[in-house]
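This report describes selected local features of one protein model. Please look over the sequence and the structure first.

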Amino acid sequence: MSTPIGSDVARVDGRLKVTGAARYTADHPVDRPLHGHVVVSAIARGRLRSMDVDAARGAPGVVAVHTPFAPLRLYPAPPGFGENYVPLQDREVRFRGQIIGLVVAVTSEQARDAAALVTATYDQASARTSLSAGLPGVPSPGMSPEGPSPNPTVLAPGVRSIDAALRASAVVVDTTLRQEPQSHVPMEPHGTTAVWQHDHLTVYSGSQIPPLYAATVAARVGATPDRVRVISTFVGGGFGARVPAWSEAALAAVAARELGRPVRLTLTREQSMILTGHRPALTQRVRLGADRDGTLTAVSHQSAAEMPAVGGWPLTPATETTGVLYRTRNLAIDQRLVPMDTPATWAMRGPNEAPGAFALETAMDELAVTLGMDPIELRLRNEATTVPATGQTWTSRRLADCYRAGAERFGWAGRNRVPGTRVEGDWLIGTGMASAVYPAHADPGAVRMQLRDTGQVVVSASTPDLGTGTYTMVSIVASDALGVPIDRVVAELGDSSLPLGAPAVGSRAAGILAPAIRSAARALITTLTDLAVRTAGSPFEGRDPAGLAYRQGRIEGGADSASFAELLEVAHRPAVEAMTPPPPAPPDSNLAAHGFGAHFCEVRVHRHTGEPRINRFTSVFDVGRVLSARTARSQLVGGIVFGIGGALLETNPIEENGRFAAGNLGDYLVAVNADIPPIDVTWLDYTDTAFSPAGARGLGELGTVGSAAAVANAIFDATGIRVRDLPVTLDALIR
Ligand code: MOS
């Protein structure tokens, strides 16, 4: 059997999805569910004076109305995950759109209608809704205790400060870039169905980390974690918004407990955009100092991000890009947070790396223009061999090969060097490029693998498939590891009661699950071999296991051969199973691991209207070994689509009154098919065995890093206009 690794396997769950058989959160049938709808605040900050719920209580089908004046008891979430406020427990209003009420009714329509009848009066206070008014902010504490320092500074001997290093540089670019919040907008809106059986709670909800979600809900409803199970069999997109368990999950659970019936609570699109996190508003300043030959002498990256009082993502956009990409003698990263009275922020699609790369890669393009140098040549001149911020070496870094291969595929050579001079009819044509980088994680993960008497192989992990292709990737790796056809493999995913596997966050599922599956498969083969020699009536009874071999689902020894299903039948066992054993040694902390890539974009900008359109896009990635070609390509293309959307369309400014400008997908613009040209994605073919025995690094978010900069750099090349505030809209391109 040839290995399916790296081949173009169709999604194993594709048929379930296109036939509607795949069950998302609200599709799971439960017995006589009630329906909840939340009521939200109309002011950004202040205190509730009164609420009138009489009309809602008397509305058809209504069974319960809860407010801070008639609360449901809820507890705080464990610190660090999402929001830190607890709805309905007090009368404070901390942001516009905060949950101030919950209506439960027989149908979802009745609940929504009744919720609209609730009125509130407030004592209003002034709210901090402007990032620029809150500058300079306070230093960021970083993402997590084990993460890289958020504010590394590395100075050459004798250099007093980054400002001194910049002053001493022959050439300096100084660029400031701003972006408003962006919304995750996964296609499936957030929702929860909560079902209690005695004191056990089952929650159906799309989650990126079901065991963490279960622990959070348990804490918030005052139950022990072993009493809560979260089922996320199919998830309509995560993008970071499904890492925390937001308040709606806990509210559904306590309402269901109180009423003794299942409760289903689905947020509207607008509520999802407010209540499940957003990418923070951000301003960044990058200063690059260089010699005339392009050698970087000083790199400074400062950022300030929105940090809501109710909690959120301690965004660190610079460390993972500017701290990683280019060699420099002097490096200073300064990341700040600005306290605001806005809804909770959260990680979104390359949360640090995508905005960080937009800033750095714009500045690098400006430096190339200032020096009159080709942007690829500039990057090659400063290619790092050790991580600038930490001194670590890489498991593998082949970024230079990505530049060369991409330039060749795209046709970069012979590029016109004078911006704004290539005209075709009414369109100005330009090309731009940028680098991609995203960390790869090799933390140990554990899966359970079973061989069943039905002839099936079952791989089980709590990891959900967010649409990324995890069902397919897991099936491919298990098929390869056990030498059984892929249609005999069943991936059982998205359930907090299963072994952890890997969290579906930070592009880490494939990089962690692939080696975990391989090592569980080896343990399983040992277990099967032991069963074969211990089972009375087996052709291998009493033999030395060392004389037996496992091959393609069969134990073989001498002239004897038996499939695992036959051996299980003789043994009267429905299945044998094994878990991933603990890793032999912790990963080498002197090694860094990242995915890399090079993006190339051609745009056209209309001479009279300023309308920017993408003509074509080519990217080459360095991700180690690709396991599942079809879903890997889909992830990388999807990331580039996000990059194009972020460059040209996606934005959700917060108005002075604390309201998001967009509350639906008519106003919050995402890239659609008509915005997207053919996207040419390829990868280098290299197995990164220093990263893991499977050789595959994660790649989920990599495509979205740097792609917006490639677009904006191409727009500069087309027009001679440098736009540093995202998105690049046509009004900025009209002369
Ligand atoms: Mo992703 S923003 O790492 O969930």
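The sections below cover a pocket, the aromatic contacts and some backbone features.

## Basis

This is a predicted model, in which local features need pLDDT of at least 70 and side-chain atom pairs count only at pLDDT 80 or more, while totals for chains, interfaces and linings use all residues. Residues are numbered from 1 along each chain as its sequence is written, and side-chain values use heavy atoms, with hydrogens and water left out.

## Second largest pocket

The second largest pocket holds about 510 Å³ of space. Its 25 lining residues include Pro515, Pro583, Pro584, Ala585 and Pro693, which are the closest to its centre. A pocket here is an open set of points on a 1 Å grid over the protein atoms alone, where a 1.4 Å probe fits, with protein on both sides within 12 Å along at least five of seven lines; lining residues have an atom within 4 Å of a point. Points are joined across faces, edges and corners, and the volume is the space filled by probe spheres set on them.

The lining is made up of 16 nonpolar, 6 polar and 3 charged residues (Ala, Val, Leu, Ile, Met, Phe, Trp, Tyr, Cys and Pro are nonpolar; Asp, Glu, Lys and Arg are charged; the others, Gly among them, are polar). Because domain 2 (138-181 + 280-441 + 590-733) and domain 3 (443-579) both contribute lining residues, the pocket lies between them. The domain bounds come from an automatic or database domain assignment.

## Aromatic contacts

The whole structure has 9 aromatic pairs (ring centres of Phe, Tyr or the six-membered ring of Trp within 6.5 Å; stacked under 30 degrees between planes, edge-to-face over 60, tilted for the rest). Phe239 and Phe642 form an edge-to-face pair, at 5.1 Å centre to centre and 80° between the planes. The two are 403 residues apart, with Phe239 in the loop between β13 (228-231) and α6 (247-259) and Phe642 in helix α15 (residues 629-648). Helices (H or I, at least four residues) and strands (E, at least two) are DSSP runs, numbered from the N terminus.

The charged end of Arg349 sits over the Phe239 ring, 5.1 Å from its centre (NZ of Lys or CZ of Arg within 6 Å of the ring centre and within 35 degrees of the ring normal).

## Backbone features

Phi of Phe239 is near 60°, a positive value in a residue other than glycine. The peptide bond from Leu135 to Pro136 is cis, with omega near 10°.
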